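Here's a quick briefing to go with the protein shown below. Have a look at it first, then read on.

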Amino acid sequence: MEFVRRLGKSPRERGSISHDTCPDIFELSDGSFAVIGTDMTEELEGALPADAGRAGYERIVVITRETLIAAQSDIPVG
């Protein structure tokens, strides 16, 4: 599996001048997506809606609203 493209602007283009906070979204060669964000699994797992679940190998990752909005026009439809 390989990174195909970034969705949205790079962290630097969004104003991140340090490497401490660089949420990002990438499309992968198999059509899935990789997200770089803050692992909030421990903090949020108990607050998941009743119809949501998480496998042991999955993490709840948070990205900023700005990151997702910047990627919106690059997210494929359908």
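**Surface and overall build**

The accessible surface of this protein comes to about 5,900 Å², and carbon and sulfur atoms account for 54% of that; the areas come from the Shrake-Rupley method with a 1.4 Å probe, and for residues only the protein chains shown count as cover. Bear in mind that this is a predicted model, where local features need pLDDT of at least 70, side-chain atom pairs count only at pLDDT 80 or more, and totals for chains, interfaces and linings use all residues. Residues are numbered from 1 along each chain as its sequence is written, and side-chain values use heavy atoms, leaving out hydrogens and water.

**Fold**
- You get two helices and five strands, counted as DSSP runs (helices: H or I, at least four residues; strands: E, at least two) and numbered from the N terminus.
- Starting at the N terminus, the order is β-β-β-β-α-β-α.
- The C-alpha trace spans about 35 × 30 × 20 Å along its principal axes.

**Packing**
- Of the 78 residues, 21% are buried (under 20% relative accessible area, with exposed being over 50% and partly exposed in between, using a 1.4 Å probe and protein chains only).
- Take contacts (heavy atoms within 4.5 Å) between residues at least 6 apart in sequence: 48% of them join residues at least 24 apart.

**Zooming in on I60**
- I60 sits in the loop between α1 (41-44) and β5 (61-62).
- I60 counts as buried because its relative accessible area is 17%.
- Beyond its neighbours within four places in sequence, I60 touches several residues, including T38, M40, L44 and L48.
- T38 is 22 residues away from I60 along the chain, and their C-alpha atoms are separated by 8.4 Å.
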